[in-house]
There are 2 protein chains.
Amino acid sequence: MAEKVLLRIHRSQLLPAIEAAFEAADTRSKIPILGSLLLRCHGGRLSVRGTNLDIEIEAVCDLLDDGYDAVITVAAARLREIIKALPEHAEISFFEGRHEGQIKLTAAGSQFTVFSLPEKEYPSLGTDVAGSAFSVDPQALSDAFRKVTYVVDTHDDVRIYLSGIHIHPSEDGRKLCVVAGSNRGLAAVKIESKSTVDFPGIILSLETAGAIKKLFAEVKEPLNLTISDIKIKVQCGDVTIISRLIEGIFPREYARLIPAEPTRKILASVDVLQAAIRRASLVASDFTKEGMLLTVEDDRLRVEVVNKQGESAIDYAPVELDGEAGLSMGFNAKTFLGTLGSIATQDVRMEFAERTQPIVFRLTDDREEFFCLSPMHARSAED
Amino acid sequence: MAEKVLLRIHRSQLLPAIEAAFEAADTRSKIPILGSLLLRCHGGRLSVRGTNLDIEIEAVCDLLDDGYDAVITVAAARLREIIKALPEHAEISFFEGRHEGQIKLTAAGSQFTVFSLPEKEYPSLGTDVAGSAFSVDPQALSDAFRKVTYVVDTHDDVRIYLSGIHIHPSEDGRKLCVVAGSNRGLAAVKIESKSTVDFPGIILSLETAGAIKKLFAEVKEPLNLTISDIKIKVQCGDVTIISRLIEGIFPREYARLIPAEPTRKILASVDVLQAAIRRASLVASDFTKEGMLLTVEDDRLRVEVVNKQGESAIDYAPVELDGEAGLSMGFNAKTFLGTLGSIATQDVRMEFAERTQPIVFRLTDDREEFFCLSPMHARSAED
């Protein structure tokens, strides 16, 4: 029985394309087609696409032979598992299944019959994005996303404009500013653009930022961004991400959060301060919510955590203090550790102002990155 | 304010003792004391004990100074977290807390105040176990436990005597037989004893076998076992496990499960057969419950899985067949893989008899280990 070959492809081409498109597939959706990938042969190559309607990822890869024109869908999770399990050098053939709505895959001695939904149902966000275009280094952008993400409060359902990452050009248009903010504080990182940048600020969803980090953090080719009013197109090598932008306007004057006149400046080792906070937090009943009390002493910071049951921990980190000792402030330990985790230098400069004002973290080299951390009001009353 | 020092100890001594005793602590128990460890100074050393009333683990370690006689309890999970988080070379001091029911710990710049329950409430299984005593190699015993555990059906609440691992002396008293059985099949592994063994067969709980594996699998010192009618004592180096035995009698004639006259013998590569079953199982809706159909062909085994929705997979493993092709039998894929995972040789000899009888797996070297696998009755009807 001669079955119709739909396409033939090497595993080394297909697997990375599936892994990329899979990032956008929604395998838990109640709409079955969103849990599928669309495979489309075109011009001797194969496009693999996934979408959850907010974000769409397309990866293009090479077929083994020319002349195919198949367009099929396959359940994303099953296809990914099967292709992963096949031997590294497998040549995979896709056939029409014996029955309608089936696809058959064969490779070496393995044979699978899986479901296929009608490809006409497969949705698209539309690949045409017209607008401002420029290129950045994908590693620098991924790194910036990593450094600011901890600030985003995913439980803040009211201020949608704070639920993502704000990106805007620097004043001279030569850099890209990557910013996140919430009640917890503010994180801002500048990265180089490969050309002059000019677009109104946008807000990128954490999901899209996460997909960029996951797919491009290790890539050396330039990352090309195209930004329209409502969408962003991110293209790098054979992979293209299309995503809706978050509507709303991020507060333009965010830098005003930084207190103008610090009263105390502290130089601390990031590692040592992290370790002290981690140890003290061991007695916290709920590490993510409870506060820690930070006290500036002459040559050290004192970290104290008391849990609801009355157990307690005190720890210290030696520091260099420029200013007066004695200030005590309450902080969320998890956010404090998040801030320290984003500091790329070995030491950190911390600027303290009034007890109720945020403290500012600055690097000890000339990178343009800063982090503000807001105190917890309930705890600062204990001072 | 001079606080009373209860004991001083180096982290490198205390941490392994806590890790061992922690294996027996029941941190989810409604009886709070079972979530604690008992620390008792005695003769210049410290005993750390944990128990969940079924199993008790005691580890002894060195104190920094002589002369302490403290007996205290501390919540197991918190103590373990704190000691793990302290610097590797920390010297730890335990003090009486400022209030009743509190213990204070200090090490370097860190200080913790934690709860302590009255030590008089701490239960004991009794350390005196009188009975047959002998020694085995802990690695060989752990390895035997690992190889037979997959057979135990933890959901079989009726036949308690099958809920653990059966251990009995070989007929000549020079070896120890480690056996597990259930509807799934049977696994039996013999290991050397360092002396003649003589005791009625016992049934060890999976929990105790698990603790032995976890604590002693890498240890080179001999493992000393003492077996009474109701308890077992397992001592190795500074760690002692006391455990209740499972009551009941394991079927003595278990070796009768092996079909007397195999009709077909097959030699297969363990890796290749595993890979074929894993790939075919990718379409199983519930890998742990659904069956696979195994068919003996002339020079290969055919593995077929069909899920409830009608998706299917077929895979093959080349084999050497001594006997007739054509037999088809249903098996649980997970148990089949469990069996193959216990085969220590590169190839495996499989003996087939009638379609309804178990198949037997034997090693290709002279180790005394065999594994029986029962077919799934529902599936074998498809033949």
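In which crossing, left-handed or right-handed, does α5(A) pass α6(A)? In this predicted model, α5(A) passes α6(A) in a left-handed crossing.

**Helix α5 and helix α6 of chain A**

- Helix α5 (residues 270-280) of chain A packs with helix α6 (residues 333-341) of chain A at an angle of about 160 degrees, and their axes are 10 Å apart.
- Because of that angle, α5(A) counts as roughly antiparallel to α6(A).
- On the side of α5(A), the contact is made by Val270(A), Leu273(A), Gln274(A), Ile277(A) and Arg278(A), while α6(A) contributes Ala333(A), Phe336(A), Leu337(A), Leu340(A) and Gly341(A).
- Sorted by class, the contact of α5(A) with α6(A) has seven nonpolar, two polar and one charged residues.

**Helix α1 and helix α2 of chain A**

- Helix α1 (residues 11-22) of chain A and helix α2 (residues 76-85) of chain A have axes 10 Å apart and pack at an angle of about 150 degrees, and α1(A) passes α2(A) in a left-handed crossing.
- In α1(A), the residues Arg11(A), Leu14(A), Leu15(A), Ile18(A), Glu19(A) and Phe22(A) meet Ala76(A), Ala77(A), Leu79(A), Arg80(A), Ile83(A) and Lys84(A) in α2(A).
- The contact of α1(A) with α2(A) divides into eight nonpolar, no polar and four charged residues.

**Helix α3 and helix α4 of chain B**

- With their axes 9 Å apart, helix α3 (residues 138-148) of chain B and helix α4 (residues 206-216) of chain B pack at an angle of about 135 degrees, which means that α3(B) is oblique to α4(B).
- α3(B) passes α4(B) in a left-handed crossing, and the contact is made by Pro138(B), Gln139(B), Leu141(B), Ser142(B), Phe145(B) and Arg146(B) of α3(B) with Ala209(B), Ile212(B), Lys213(B) and Phe216(B) of α4(B).
- The classes represented where α3(B) meets α4(B) are six nonpolar, two polar and two charged residues.

**The interface of chain A and chain B**

- About 2300 Å² is buried between chain A and chain B, and carbon and sulfur atoms give 51% of that area.
- Of the area that chain A buries against chain B, 25% is supplied by Arg78(A), Leu282(A) and Glu311(A), more than by any other three residues.
- Two salt bridges are found across the interface of chain A and chain B.
- Glu311(A) and Arg78(B) meet through their side chains in a salt bridge, at 2.4 Å from N to O.

**Salt bridges in the whole structure**

- Over all chains, a search of the whole structure finds 48 salt bridges.
- In chain A, Lys147(A) forms a salt bridge with Glu369(A), and the closest N and O atoms of the pair are 2.9 Å apart.
- This pair links distant parts of the chain, since Lys147(A) lies in helix α3 (residues 138-148) of chain A and Glu369(A) lies in strand β24 (residues 369-373) of chain A, 222 residues apart.

**The loop residue Asp299(A)**

- Asp299(A) is found in the loop between β18 (291-296) and β19 (300-306) of chain A.
- Apart from its neighbours within four places in sequence, Asp299(A) is in contact with Pro318(A) and Val319(A).
- Asp299(A) and Pro169(A) are 130 residues apart along the chain, and 40 Å separates their C-alpha atoms.

Note on methods. Residues numbered from 1 in each chain as written. Chains lettered and ligands numbered in written order. Predicted model: local features only at pLDDT ≥ 70, side-chain atom pairs only at ≥ 80, totals over all residues. Heavy atoms only, no water. Axes fitted to C-alpha atoms, helices over the stretch in contact; angles between N-to-C directions. Helix = DSSP H or I, 4+ residues; strand = E, 2+ residues; numbered from the N terminus. Parallel < 35°, antiparallel > 145°, perpendicular 65-115°, else oblique. Left-handed = near helix turned anticlockwise from the far one by under 90°. Contact = heavy atoms within 4.5 Å. Nonpolar A, V, L, I, M, F, W, Y, C, P; charged D, E, K, R; others polar. Buried area = accessible area lost by both parts, 1.4 Å probe. Salt bridge = Lys/Arg side-chain N within 4 Å of Asp/Glu carboxyl O.
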